[in-house]
Every structure is written in C-alpha cells, then in structure tokens.
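Here's a quick briefing to read with the model open beside you.

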Amino acid sequence: MIFHKLSLVFPLLCLCFTSLLTRVASTQPPFSCDPSNPSTETFPFCKTTLPISQRARDLVSRLTLDEKISQLVNSAPAIPRLGIPAYEWWSEALHGVADVGKGIFFNGTIRGATSFPQVILTAASFDSYLWYRIGQAIGLEARALYNAGQAIGMTFWAPNINIFRDPRWGRGQETPGEDPLVTGKYAVSYVRGVQGDTFNGGKLKGNLQASACCKHFTAYDLDNWKGTTRYKFDARVTMQDLADTYQPPFESCVKQGRASGIMCAYNRVNGIPSCADRNLLSKTARRQWGFHGYITSDCDAVSIIYDAQGYAKSPEDAVVDVLKAGMDVNCGSFLQKHTKAAVKQNKLPESEIDRALHNLFSVRMRLGLFNGNPTTQPFGKIGADVVCSPAHQVLALQAAQDGIVLLKNSHGLLPLPKSKSVSLALIGPNANSAKTLLGNYAVACSSASIDKAVNIAKGADHVVLIMGLDQTQEKEELDRVDLVLPGRQQELITRVAEAAKKPVILVLLCGGPVDITFAKYDRNIGSILWAGYPGEAGAVALAEVIFGDHNPGGRLPMTWYPQDYIKVPMTDMNMRPQATSGNPGRTYRFYEEKEVFPFGCGLSYSKYSYKFKSVSQNKLYLNQTSSTKMVENQDVVHYKSVPELGTEFCETRKFLVTIGVKNHGEMAGKHPVLLFVKPARRGNGRPIKQLVGFQSVILNAKEKAEIVFELSPCESLSRAREDGLMVIEEGTHFLVVGDEEYPISILV
C-alpha cells in the first residue's frame with residue numbers, strides 16, 4: 001500500500017509501453033517476390049496483376065507435402081527456394097501493439113507502442129468513432145514496426161468480442177462488455193481501423209494495413225473457475241442464447257467489419273470443440289456470413305481435442321477434425337507433428353491442406369508481403385514517427401477521460417477546488433501502481449497499514465482512496481470466486497472515511513464489477529469513480545476528472561451485481577432466468593433482481609434531459625400473406641419470422657428516431673445517449689429491454705442538440721425464439737431513452 005500527502009499533485013503516468021528483448025533487430029522488413037531476385041520473375045504468385053486467389057493457388061501448387069505441413073502452424077518457417085521468408089501469425093494488439101505474441105519486437109529504433117485503456121473502459125465511452133480511431137492508431141503503429149524491420153508478422157489476434165456474461169470472468173476486462181450491440185459495433189470500428197478501412201467501411205479493395213482477428217469463436221467466457229478450465233469446459237448453450245447473445249458480435253465483425261481473421265476457442269459448445277465444428281467455421285462463418293480470411297486455433301486448442309477433451313480418438317483424428325471443419329492454422333506444433341501421418345493413413349486428403357494454405361497465403365498477399373519491396377507499397381511510407389506520436393498520446397488520454405464513470409457524487413463533492421492551500425491524501429494499494437493502470441496483455445492491508453492510513457486521512461483536507469483489483473485477481477486463466485473487494489480493502493475504506501475531515505473520494509481500478517454496496521450508501525464516501533484499467537494516460541485522466549478539467553461522461557458497459565450472485569455457477573451458460581436452477585438471469589437484458597449499479601449507469605458534473613422530437617413511423621404493418629401464431633398464457637400472439645420478411649422489407653421499413661438532448665449544467669460535456677427498446681409483453685424469454693442504438697454528443701453549458709437514430713425493425717424490434725429463429729411479434733414496443741418512452745405498434 002502507498003500513502004501520499006501532497007498539495008494538488010497526482011501520480012502521473014504518460015509513457016509508451018516498452019519491452020526489452022534479446023533478438024537482434026533488422027532494419028529490413030521481410031517480404032517475398034524481391035524484384036532484385038531474377039528467379040522470382042517467373043513465379044505467377046509474384047505477379048500483382050493477377051487475382052490473389054490465382055496467385056495463392058499457384059504458390060500452394062509449388063510446395064512439397066512437407067513444405068505445406070510446415071506452414072500450418074503459427075511460426076511458419078521460410079521456404080528459401082521460393083524466396084519466402086518465415087512468418088509469424090501470432091501477434092497481439094488488444095489495446096495497443098504488444099510483444100505478447102511472437103511477431104513483434106521492441107528492440108530496434110522503436111522501443112514501445114501506445115498503450116490505450118483496457119477495452120472495458122474504452123467501451124464505457126459508447127463512442128464508436130473513438131474506437132475506430134484507436135484501431136486506426138494501432139494499425140498504423142503495427143505497420144510502422146513492420147516497416148522498421150521489427151515485425152515478422154502482421155496478423156494481430158484482437159479484438160476479444162466475447163460477451164462479458166459473468167462478472168467473475170478474468171478476461172471480461174478485455175471485452176467491450178455485456179451487450180451484443182455494443183460488442184458488435186466495437187468489433188466493427190476496431191477492425192476497420194486496424195485494417196486500414198474507413199469508419200463507414202468500403203475502402204478496402206484487398207489491401208490490408210494490418211490484419212485483425214475476431215476471437216474467441218464462440219461462447220467462450222470461462223477461464224479457470226473452481227477447477228473448471230477452458231480447456232475441458234463444454235459450454236451448454238441454447239439456440240436462443242446463441243442467436244441473440246453469443247453470435248451477433250461475430251456476425252458483425254465478419255459481415256460489417258470484414259475482419260480477415262477468426263480465432264476458434266478452446267471450449268466445446270454443446271459437445272463439439274469449437275475448432276472442430278464444421279457448422280460453426282465453414283457453414284456459419286464462411287457460407288452464411290461470407291467470411292474471407294484465415295481461421296486460427298487458440299494456442300494448443302488442437303492438441304486438447306485429443307489429450308484433454310478426448311473428442312478425437314487419436315492425434316491424427318484431431319488433425320482431420322479441425323482441417324475438415326475449416327480451421328487453417330494451429331497456434332502450437334500439433335499439426336506440424338501429426339498432419340503427415342493423417343495423410344499417410346488416408347484419413348486426410350491433401351486437398352484439405354491446400355484449402356487451408358490458400359486462405360493463409362491469401363491473407364499474407366493482402367498484407368502486401370508478396371508484392372516486392374514494401375517501401376513501394378500503399379503502407380510502405382508509414383514511419384517510426386507515428387509510434388507513440390503526440391496525436392496517439394492525446395488519443396490515449398481522451399480514451400481514458402471519456403471512459404471514466406462517475407457512479408456517485410453526493411452534494412457535488414467533485415470536482416475538487418484547485419486551491420494551492422488544499423492538501424490531498426492518496427491512499428490505497430493502487431495509489432502508485434503504474435502496472436495496474438495498464439491492465440493485462442487484490443491486495444491485502446495489514447492492521448498497521450490501516451492505522452497509518454487513518455492518521456494521514458485525519459490531517460488532509462481531501463482524501464482519495466484508490467482501490468480495486470489487479471492482474472493477481474483477474475486475468476487470463478484466472479476467474480474470481482467473489483465479487484467483493486479483496487483483502488481488507490473494505491475495512492480500510494470504511495475506517496479512513498470515518499476519520500477524514502470531509503467525505504472521501506473512492507476510485508476503483510478493476511476490469512470486472514465489484515459489490516461496493518457498503519460504499520454506495522456510506523455518507524462518509526461522497527464520490528465514487530470507476531476507471532477500469534485506464535492505460536498509460538490513466539493517472540492524468542483521473543486527475544483531470546477529479547479537479548474538473550474534464551467533465552466525466554462514461555457509462556457502465558456491464559451490470560454490477562451483488563455478492564450473492566456468486567450462487568450462480570459460472571458454468572451455467574443460460575442468459576435467461578431459470579427457476580429450476582435459481583439462475584436469476586444474466587446482464588441487464590435478463591437479470592431480474594436488484595443490481596449494485598445497472599448497465600449504462602454514469603453521472604456527470606452536468607445534468608442532461610431527453611425528449612422524443614419525432615419518430616418517422618410509429619406503426620409497423622406486417623402485411624404479408626400469412627402469419628404464424630403461438631398461444632401464450634391463453635393469449636394468441638401473431639408473429640412473422642425475419643427471414644420470411646426478407647431483406648427488401650427490412651431495408652424499406654427502416655425508420656428515424658430524433659431525440660432532443662439538453663445540457664442543463666454549467667460545464668461543457670460529452671454525453672453518450674443510449675436508446676433502448678422495451679416490449680410491453682414480458683416473459684417467454686423476451687429481454688427486459690434491449691439497447692438498439694447509442695451516440696455521443698458534445699454539448700456546451702445550457703446547449704441543446706438533436707440526434708437521429710436509424711432503426712431497422714428486423715434488428716431492433718425482433719427477438720429470438722427458443723429455436724433461435726428471429727421473429728417480430730405483434731403488439732406494442734416502447735422506445736426508451738432515460739425516463740422518456742415512446743410507443744411503437746406492430747400490426748399483423
């Protein structure tokens with residue numbers, strides 16, 4: 001624990017993430033089809049005038065079986081006779097380019113990269129254009145590292161777009177939260193930014209600045225909970241939950257974001273390993289969604305199909321299962337070891353290997369790695385000066401500022417005055433921890449420490465308690481078993497708050513939610529801020545919020561549950577309430593009990609009001625030849641399926657919702673406006689409410705503005721039946737923003 005007593009000074013951290021490695025850096029980026037090499041001129045795969053599919057087929061046709069097999073793993077070796085350098089598929093860029101994988105090296109002229117806030121905090125801004133700009137910055141820095149000769153791969157295994165289903169999940173911090181719409185829009189924005197597309201999409205004609213990968217496909221949100229690990233877990237998921245919760249973010253990532261990579265998850269889904277599920281990888285992703293890219297396993301996810309899950313009866317069977325399912329590359333060495341035997345045993349046709357390699361080399365060609373000297377290519381002029389540039393530093397600060405959530409502010413305690421005569425005490429285990437600010441890729445307090453903290457608090461004009469979790473509490477391969485603060489943090493907070501001259505300020509650094517009901521209702525705790533893991537500029541952002549240089553506007557992207565929620569097993573994948581198991585439902589869409597803080601919660605130093613100004617269509621007629629009906633509690637409910645209505649109907653029936661927003665405060669502020677739909681009819685698996693749109697608006701003091709949402713009834717007014725079919729039901733739905741409601745009637 002660290003104690004500070006100072007006069008309006010805050011611990012500042014503004015640095016780029018750095019790493020020291022022993023590998024000797026090269027200033028020459030690796031590439032194929034060197035124009036100075038006469039032998040490459042004869043290879044059709046080097047001719048940029050040919051379609052990439054034709055070039056990839058030509059390259060694969062020139063490989064021996066051993067060479068083909070060597071390319072099926074993340075660390076693909078060089079093929080010198082064809083002038084093809086080694087390639088590393090595994091690189092990471094969750095919230096900034098990192099050296100967690102094997103493809104990036106911070107050992108040359110570039111010694112670090114911008115570290116943006118952990119994703120869960122960035123999501124709290126509810127600003128899709130901010131997400132795009134972060135992705136764009138990451139893509140630029142990634143390409144700069146390659147151009148500087150410090151990368152042997154340009155495929156980055158991010159974003160993590162699994163739903164933050166359970167508050168104990170150690171990796172929930174990596175995700176955009178619990179809502180499928182938010183997660184899907186985050187995926188689209190991030191992917192477009194990284195890959196070099198425009199914010200609205202459509203720019204890419206094949207060339208990739210860098211490659212983004214949607215992970216972990218699918219229904220993956222348990223790492224290691226009470227002895228159940230992700231390697232053996234069989235996620236039992238209903239078709240209904242797959243349709244409206246687990247799959248939509250991936251569909252958006254592929255269809256709208258045009259991601260060039262997908263990672264299949266460790267876990268099984270309804271008995272089938274994700275990486276061996278042909279229905280998931282080939283039928284759904286490739287055929288239904290039109291995915292064109294490569295599919296990688298998570299690391300060692302192929303080996304566990306045989307040795308941990310026992311799904312495959314032999315190593316060769318595991319190889320056959322994943323390649324025939326549609327997977328292309330194995331993070332690990334399993335395919336390198338066992339693929340040849342599978343071919344020799346006539347279990348695996350060589351054509352399946354060729355299919356995988358076609359996908360892999362196509363992506364490398366889209367990255368421009370087979371187009372000759374990279375300096376002459378579209379992204380070849382991106383230099384080292386973009387890495388940790390002033391613009392990216394400002395963006396990291398803005399992301400932290402916009403994500404910080406004000407959960408409590410009794411009697412307007414915040415912002416604090418800036419008088420030089422005011423003393424401020426910073427107390428807590430996270431008060432001077434730069435590492436905690438960064439997040440991934442608690443802390444016990446002794447009685448002596450608590451007594452010392454109490455004495456310091458007595459002498460300070462204001463006290464800021466910086467508490468929460470860190471990566472020893474929540475991370476990959478570590479789920480929590482409790483929702484309360486670790487160690488004796490609650491005792492420390494309560495005793496310091498009692499001793500302080502004035503109500504204290506509680507700052508929480510954590511990815512997952514914690515039950516701080518005690519602090520919510522403690523009159524000695526005047527303000528509560530949640531700051532996630534705010535990245536390299538997090539301390540500056542917090543200081544600016546606390547002293548009023550920034551008006552907080554973040555809103556929680558996940559529900560904060562009470563401690564007794566831990567009675568629900570993490571292994572229970574059901575989103576909807578289950579009376580038989582005692583599951584009260586998951587996320588704001590289905591959780592029926594009292595939460596500590598709800599999804600979307602977030603205060604400001606200003607007060608905002610909303611008003612529905614106009615809705616272009618308040619009645620929707622499903623004038624089709626027939627409708628289907630179901631009997632529910634002796635009532636007949638008519639509905640139409642979305643596939644039956646068709647694309648043309650869904651497009652032509654879109655309508656506009658205009659909402660007036662006013663800032664009643666004395667400070668300018670950036671404010672996310674969240675638009676929900678609530679059905680009048682409850683039960684039978686319907687969501688309590690569902691987010692259908694969000695936008696951020698910047699308003700000066702007393703300023704008004706109008707924002708417009710375009711809604712599709714097939715997306716915003718539909719729901720999933722038990723069999724997963726999306727339907728639109730007759731009856732009344734309510735548009736909801738703040739406390740305002742507007743009815744929409746659906747008539748069959």
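At what angle do α4 and α5 pack, and how far apart are their axes? The angle is about 35 degrees, and the axes of α4 and α5 are 6 Å apart. Keep in mind that this is a predicted model, where local features need pLDDT of at least 70, side-chain atom pairs count only at pLDDT 80 or more, and totals for chains, interfaces and linings use all residues. Residues are numbered from 1 along each chain as its sequence is written, and side-chain values use heavy atoms, with hydrogens and water left out.

- Helices (H or I, at least four residues) and strands (E, at least two) are DSSP runs numbered from the N terminus; axes are lines fitted to C-alpha atoms, for helices over the stretch in contact, with angles running from 0 to 180 degrees between N-to-C directions.
- On the α4 side, the contact (heavy atoms within 4.5 Å) is made by S128, W131, Y132, G135, Q136, I138 and G139.
- α5 brings V182, K185, Y186, S189, Y190, R192, G193 and V194 to that contact.
- Sorted by class, the contact of α4 with α5 has 7 nonpolar, 6 polar and 2 charged residues (Ala, Val, Leu, Ile, Met, Phe, Trp, Tyr, Cys and Pro count as nonpolar, Asp, Glu, Lys and Arg as charged, and the others, Gly among them, as polar).

**Two oblique pairs**

- Helix α13 (residues 390–403) and helix α18 (residues 538–546) have axes that come within 8 Å and cross at roughly 50 degrees.
- That's why α13 and α18 are oblique to each other (under 35 degrees is roughly parallel, over 145 roughly antiparallel, 65 to 115 roughly perpendicular, and the rest oblique).
- The crossing of α13 and α18 is right-handed, and its contact pairs L397, A400 and Q401 of α13 with G538, V540, A541 and E544 of α18.
- That contact of α13 with α18 has 4 nonpolar, 2 polar and 1 charged residues.
- For helix α6 (residues 239–246) and helix α7 (residues 248–255), the axes come within 6 Å and cross at roughly 50 degrees, so α6 and α7 are oblique too.
- Here L242, A243, D244, T245 and Y246 of α6 meet P248, P249 and F250 of α7, a set that divides into 6 nonpolar, 1 polar and 1 charged.

**The second largest pocket**

- It holds about 610 Å³ of space (a volume is the space filled by probe spheres set on grid points, which are joined across faces, edges and corners).
- A pocket is an open set of points on a 1 Å grid over the protein atoms alone, where a 1.4 Å probe fits, with protein on both sides within 12 Å along at least five of seven lines; lining residues have an atom within 4 Å of a point.
- The second largest pocket is lined by 22 residues, and R555, G600, G602, Y610 and G738 lie nearest its centre.
- β20 (608–615) and β25 (669–679) each supply at least two lining residues, and β25 gives the largest share, 4 residues.
- By class, the lining has 10 nonpolar, 7 polar and 5 charged residues.

- Most residues other than glycine have a negative phi, and most peptide bonds are trans.
- The A158 to P159 peptide bond is cis, with omega near 15 degrees; P159 is in the loop between β6 (155–156) and α5 (180–195).
- L414 and P415 are also joined by a cis peptide bond, with omega about 0 degrees, and P415 is in the loop between β15 (405–409) and β16 (424–428).
- F126 has a positive phi, near 50 degrees, and is found in the loop between α3 (119–123) and α4 (128–147).

Key:
A crossing is left-handed if the near helix is turned anticlockwise from the far one by less than a right angle, and right-handed if clockwise.
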